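Work through the exercises below with the model open beside you, and try each task before you read its solution.

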Amino acid sequence: VAGLVTAIQVDHGAQVRQGQWLVRLRSTQAQVLRRDAQQASSQHALAERSLQRDEQLMAEGLIAQSRLDQSRTQARVARLAAQQQQQALGQTLGSAQISPNGEITLVAPMGGQVAELMVSVGQRVDEAAPLLKLANLQELLVDLQVPVQQAQGLQIGQAVQVLMAGSSTAPGSGELRASVVSVAPLIDERTQSL
């Protein structure tokens, strides 16, 4: 959602843990979404109570079947509206937490390192604007160019050893153990590699 950045908990390069709060922003759009979801939930609860009352009255023979049918329809419509509003709120805010005054607290979806911080306190941000980039350094994707002759034996799932350029000559230093997740089917004509 669009909003105003009110606080930032982390700096560029900071290590964060899953669930740690990162950025807070105030958003009238989030307040409206939250209010609409609460209203729809209240309307659903009211329709359910009305339906229960009408079911009891019908069992006692005090109302017509048409009134009970109308109450059932209203309860069903109210339930669907409440579900729709909750989905809209969930899709918009994801795992963010929202306070009654519309302040949104964004939390880290995973542990990692802040690779880039793109906002500052007091800055207005647009809807869907990135605020920061969080990198999981435990799992890296390495894109390698492999000569055709060596690539012929590569298979998905195969274990490989990646040696880092400029690393020490000591055994094990500058080595990464990895597994092949994909092999591009096209040969790069310029380098004759996959």
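**Exercises on pockets and a surface patch**

Strand 9 and strand 10 of this predicted model each contribute at least two residues to the lining of the largest pocket.

**Exercise 1.** Describe the largest pocket by its volume, its lining and the strand that gives the largest share of that lining.

*Solution.* Begin with the space itself, which has a volume of about 800 Å³. Next, look at the residues around it: 26 residues line the largest pocket, and V142, L144, S179, V180 and V181 are the closest to its centre. Then sort the lining by class, which gives 16 nonpolar, 6 polar and 4 charged residues. Finally, strand 10 provides the largest share of the lining, with 4 residues.

**Exercise 2.** Decide whether M164 is buried, partly exposed or exposed, and find the surface patch to which M164 belongs.

*Solution.* First locate M164, which sits in the loop between strand 9 (159–163) and strand 10 (175–179). The relative accessible area of M164 is 43%, and because partly exposed covers the range between under 20% (buried) and over 50% (exposed), M164 counts as partly exposed. Together with L137, L140, V142, L144 and L176, M164 makes a nonpolar surface patch of about 520 Å².

**Exercise 3.** Describe the second largest pocket and name the elements that each supply at least two residues of its lining.

*Solution.* The second largest pocket holds about 430 Å³ of space. Its lining consists of 21 residues, with L93, A96, L106, V107 and L131 nearest the centre. Strand 3 (21–26), helix 2 (65–93), strand 5 (103–107) and strand 8 (132–135) each supply at least two of the lining residues, and by class the lining has 15 nonpolar, 4 polar and 2 charged residues.

How values were computed: Residues numbered from 1 in each chain as written. Predicted model: local features only at pLDDT ≥ 70, side-chain atom pairs only at ≥ 80, totals over all residues. Heavy atoms only, no water. Patch = residues over 30% accessible without salt bridge, like charges linked within 9 Å, V, L, I, M, F, W, Y side chains within 5 Å. Areas by Shrake-Rupley, 256 points an atom, 1.4 Å probe, with all protein chains shown as cover. Salt bridge = Lys/Arg side-chain N within 4 Å of Asp/Glu carboxyl O. Buried < 20%, exposed > 50% of the residue type's maximum accessible area, 1.4 Å probe, protein only. 1 Å grid on protein atoms, 1.4 Å probe; cavity = no way out; pocket = protein on both sides within 12 Å on 5 of 7 lines; lining within 4 Å. Points joined across faces, edges and corners; volume = space filled by probe spheres on them. Nonpolar A, V, L, I, M, F, W, Y, C, P; charged D, E, K, R; others polar.
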